Amino acid sequence: MTGFRPRARRWPTGPAALVLAAALALTALPTAARASPDPDPLARYHGQRLTWRSCATGPDDELGKELERAGARCTRVTVPLDHARPEGRTLGIALSRIPATDPGHRIGSLLLNGGGPGGQTLGDPPWVREAMGPAARFDVIGVDPRFVGRSSPLDCGWPTGSAFRGAGTDRAGFDRMTELARDLARRCRTAAGDLLPYATTRDTARDMDVVRAALGERRISYLGYSYGSYLGEVYATMFPGRTDRVVLDGVIAPDRYGPRLLRHAGPANRHALEGWASWTALRDGTYRLGRTRAAVLATVDRIGAAAARRPLRLGGHRVDEHTVPVILLNGLSQDNATAYGDFAEGVRDLARAARGEPVAPSPWLAGVLDFTLTGAESAYGSAQTAILCGDAAAPRDPEVYWRDIRRVRAEDPRFGPVTQNINACAFWDPPRERPVTVRGDLPALLVNATGDPRTDYEGARLVRDAWPSSRLVTLRGADQHAVFGVHGDDCVDSAVNAYLVTGRLPARDLTCEARPR
């Protein structure tokens, strides 16, 4: 979700998956296609024939080789840049597919979206197929959405992978971040101004329907995580009657989606940080961050204070007051010992740097710093921000953000200055279309952990209340973002798979208890 380095769940991510993506360049339809009248203006796209090929684009394509080992094949679907002008420029949408294991009992196609926005999904079918077990009666389809990964990627040439930063401790720091936001928006207008109006969830949903038709499906099933839940809500609204099974995991309430998506994330992240601090305190012999939760949190605060006085040096990076809260947020999404340990090692490195010691950052921290402080993942941040800004307008007056930061700082000094901060959307051109008013009901299966620090549980409850035909599977007692096939909870995984196999929702909402840490 927004502004964070994609954490590998069980599939490869990152810049390696962008290799040779330029091959999926913008093209134009032949003149003859423009002259051909048809009652369906998208008939050429809906009826296109797909050729499934090897997913590997070359000997160094690790993502392609991973997909090959799992039995996947890949193709590309052509879609119009502007669906209102189908005779104009086109985009290539990259797909991967693992066929149903039992063709005789095949149910249909299950399309995936792993979140972001801006996250690749092409590499997801292998781990999703593994999680499905007996539900593997679907063709599992990974789709890199428009402008993402191998689907005509959009890259503004940013010096960072994220538009989000902490505001700092004073007005001077906030003003610096305002100028950063202004510069990132300017870079996108310069590098991709002709594409930005079409970087929207509405257009991604339109592409999904072209994919559905090109696959030969009357209806598609859908599994969407995090931002993918909002995409699913929009698709089901724009194309009613074209969905079969729908699973939304890490649910975003439509009214909370937009350029300021983090505004409601503070309480869940405070809770998750406290849970991690308690876990880390029990392992003080390993991490040396404090023997109690309070002591560990005090170490975190000393790091922030030191970075505000003078940037910390870690390897070749300088970590300042604007970066520390982003690092903390990046450490809080997965509730398991491996993720907690990675985060604890990173905080230990920061604590050493705060004491003036020379530090070579641990692998996890090095990845976050490269993501945040270099242009290695510029394409990720560019696409993510373009979609958020293209979907809904943000307040344009910096004073709006500064007032919100001052309002929450006393209650939430660690996260408030980043969850309420200004970003590039304040300087974006107005959206081409109004946001979708999401439909009033959908018989979908919703999944959320009570302590989810990305898509908070209240959002899932709001969607459940708005959709009386839906059912909510709750993982209680976990600070976990994305549950099905990710967290390893048998209760949740069984409920999702039973729905996928039968198409029948549970008779009532279901609560699963998380395993103790």
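**The second largest cavity**

Begin with the second largest cavity, which has a volume of about 110 Å³. A cavity here is a set of points, on a 1 Å grid over the protein atoms alone, where a 1.4 Å probe fits but cannot get out. Grid points are joined across faces, edges and corners, and the volume is the space filled by probe spheres set on the points. The model is a predicted one, in which local features need pLDDT of at least 70 and side-chain atom pairs count only at pLDDT 80 or more, while totals for chains, interfaces and linings use all residues. Residues are numbered from 1 along each chain as its sequence is written, and side-chain values use heavy atoms, with hydrogens and water left out.

Select Arg256, Leu261, Arg454, Thr455 and Asp456: of the 12 residues that line this cavity, these lie nearest its centre. Lining residues have an atom within 4 Å of a point. By class, the lining holds 6 nonpolar, 3 polar and 3 charged residues. In this scheme Ala, Val, Leu, Ile, Met, Phe, Trp, Tyr, Cys and Pro count as nonpolar, Asp, Glu, Lys and Arg as charged, and the others, Gly among them, as polar. The count of cavities of 30 Å³ or more comes to 10.

**The nonpolar cores**

Next, select Leu95, Leu111, Tyr257, Trp428, Leu446 and Trp467. Within the largest nonpolar core, which has 76 residues, these touch the most other members. A nonpolar core is a set of buried Ala, Val, Leu, Ile, Met, Phe, Trp, Tyr and Cys residues joined through side-chain atoms within 4.5 Å. Buried means under 20% relative accessible area, exposed over 50%, and partly exposed in between, with a 1.4 Å probe and protein chains only. In soluble globular proteins, nonpolar side chains tend to be buried together.

Centre the view on tyrosine 257. Apart from its neighbours within four places in sequence, tyrosine 257 is in contact (heavy atoms within 4.5 Å) with Pro117, Thr201, Tyr227, Tyr230, Ile252, Ile387, Leu388 and Asp391. A second, separate core of 37 residues can be located by selecting Trp276, Tyr287, Val347 and Val359, which are included in that core.

**The disulfides**

Turn now to the cysteines. A search of the whole structure finds 4 disulfides, a disulfide being a pair of cysteine sulfur atoms within 2.5 Å. With bonded cysteines counted along the chain, the pattern is 1-2, 3-4, 5-6, 7-8.

Select cysteine 55 and cysteine 74, whose sulfur atoms are 2.1 Å apart in a disulfide. This pair links distant parts of the chain, 19 residues apart: cysteine 55 is in the loop between helix H2 (43–46) and helix H3 (62–69), and cysteine 74 is in strand S2 (residues 73–80). Helices (H or I, at least four residues) and strands (E, at least two) are DSSP runs, numbered from the N terminus. Both cysteine 55 and cysteine 74 are buried. The torsion about their S-S bond is about 100 degrees, so the disulfide is right-handed.

Move to cysteine 156 and cysteine 188, a disulfide with sulfur atoms 2.0 Å apart. Cysteine 156 is in the loop between strand S5 (138–143) and helix H5 (171–192), and cysteine 188, 32 residues apart from it, is in helix H5. Cysteine 156 is buried, with a relative accessible area of 5%, and cysteine 188 is buried at 0%.

Then select cysteine 389 and cysteine 425, joined by a disulfide (S to S 1.9 Å). What is the handedness of this disulfide? The torsion about the S-S bond is about -85 degrees, so the disulfide is left-handed. Both of these cysteines are buried.

Cysteine 389 is in helix H14 (residues 378–391), and serine 382 lies in helix H14. At 0% relative accessibility, serine 382 counts as buried. Beyond its neighbours within four places in sequence, serine 382 is in contact with Leu154, Asp155, Cys156, Gly157 and Trp158.

Select tyrosine 222 in strand S6 (residues 220–225). Tyrosine 222 counts as buried, at 3% relative accessibility. Its contacts outside the four neighbouring places in sequence include Leu110, Leu111, Met208 and Val247.

Finish at threonine 169, in the loop between S5 and H5. Is threonine 169 buried or exposed? At 53% relative accessibility, threonine 169 counts as exposed. Excluding neighbours within four places in sequence, threonine 169 is in contact with Ala308, Glu321 and Arg409. The C-alpha atoms of threonine 169 and glutamate 321 are separated by 7.5 Å, although these residues are 152 residues apart along the chain.

Notes: On a 1 Å grid over the protein atoms alone, a cavity is a set of points where a 1.4 Å probe fits but cannot get out, and a pocket is an open set with protein on both sides within 12 Å along at least five of seven lines; lining residues have an atom within 4 Å of a point.
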